[in-house]
Amino acid sequence: MAKLIAPSVLAADFANIQRDIEMLNNSDADWIHIDVMDGVFVPNISFGMPVIKAMQRHAKKTMDVHLMIVNPDQYISTFKNVGADILTVHYEACTHLHRTLQAIKLEGMMAGVALNPHTPINVLEDVIMDIDLICLMSVNPGFGGQSFIENTYKKVIQLKHLIEQSGSKAKIEIDGGVTDQNAHKLVTAGADVLVAGSFVFKADNPTQTIKNLRLLANS
Ligand code: DX5
Ligand code: ZN
């Protein structure tokens, strides 16, 4: 299976969001990663439903929505309605994670779970068969442009092992500080999807940067 690239629009130019979404449509990007922050679960606020709805009007690729919010359960159908194809909640924000995952799937979306850097892999043992995507945070969530946490490689290997042992079909996504310096090592460890915000959007040529990153991930 090809390794996927999911540029994060958190680093896009919000005043030119149509232009930036069209750039992604015409690039080698596989998914569009969309970061929702509520100022409670994480110490930052990004954007909410009206902005995602506006992105959906232009997006021609899978919309991968990463919720960094408390109480995600109350908004599951709303995120479906504004265009989410994949909805990822944080393990640390869900008291009844199993129920939340079922609710996401009932809406027809792929169900993702994100783990903060300090959260061990083994907390997923009893829900691994219910998850379509596991997002390993390789920075502390809340901001783009942070440095990659090296301990992530170990977690990717542990998670790959859990997935293979259980027979789960879950994909492993890495989110935070991804660049051409760590992409190859991450996929070698077992990653399937690489999120990249600043590395793509702060580049002189984002389209070429996505192409290079995808080639590197699949080399
Ligand atoms: C961080 C977000 C990331 C962020 C990645 O809280 O979840 O998706 O946009 O940005 P970079 O690639 O700049 O670390
Ligand atoms: Zn994210």
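A salt bridge is taken here as a side-chain nitrogen of Lys or Arg within 4 Å of a carboxyl oxygen of Asp or Glu, and Asp13, Arg19 and Asp20 are linked in a network of such bridges. The structure is a predicted model, in which local features need pLDDT of at least 70 and side-chain atom pairs count only at pLDDT 80 or more, while totals for chains, interfaces and linings use all residues. Residues are numbered from 1 along each chain as its sequence is written, and side-chain values use heavy atoms, with hydrogens and water left out.

By this rule the count comes to 5 salt bridges. Burial is judged by relative accessible area, with under 20% called buried, over 50% exposed and anything in between partly exposed (1.4 Å probe, protein chains only). On that scale aspartate 13 is partly exposed at 30%, and arginine 19 is partly exposed at 47%.

The side chains of aspartate 28 and lysine 211 meet at 3.9 Å, N to O; aspartate 28 sits in the loop between H1 and strand S2 (31-37) and lysine 211 in helix H8, 183 residues apart. Aspartate 28 is partly exposed, with a relative accessible area of 34%, and lysine 211 is partly exposed at 37%. The side chains of arginine 214 and aspartate 30 form a salt bridge at 2.8 Å, N to O. Because arginine 214 lies in helix H8 and aspartate 30 in the loop between H1 and S2, this pair ties together parts that are 184 residues apart in sequence. Arginine 214 counts as partly exposed at 21%, whereas aspartate 30 counts as buried at 18%.

Helix H8 itself (residues 206-217) has 12 residues and reaches 16 Å from its first C-alpha to its last, close to the 16 Å expected at 1.5 Å a residue, the expected span being 1.5 Å times one less than the number of residues. Its buried residues are Pro206, Thr209, Ile210, Leu213 and Ala217. They cover an arc of only 100° around the axis, so they lie on the same side of H8; the arc is that of the directions from the helix axis to the C-beta atoms. These buried residues pack against strand S1 (4-7), helix H1 (17-25), helix H6 (183-189), strand S8 (193-196) and helix H7 (198-201), contact meaning heavy atoms within 4.5 Å.

Methionine 63, found in strand S3 (residues 62-68), is buried, with a relative accessible area of 3%. Its contacts, again not counting residues up to four places away in sequence, include Ile32, Ile34, Val82, Asp85 and Ile86. The C-alpha atoms of methionine 63 and aspartate 85 are separated by 5.2 Å, although these residues are 22 residues apart along the chain.

Methods: Chains are lettered from A and ligands numbered from 1 in the order in which they are written. Helices (H or I, at least four residues) and strands (E, at least two) are DSSP runs, numbered from the N terminus.
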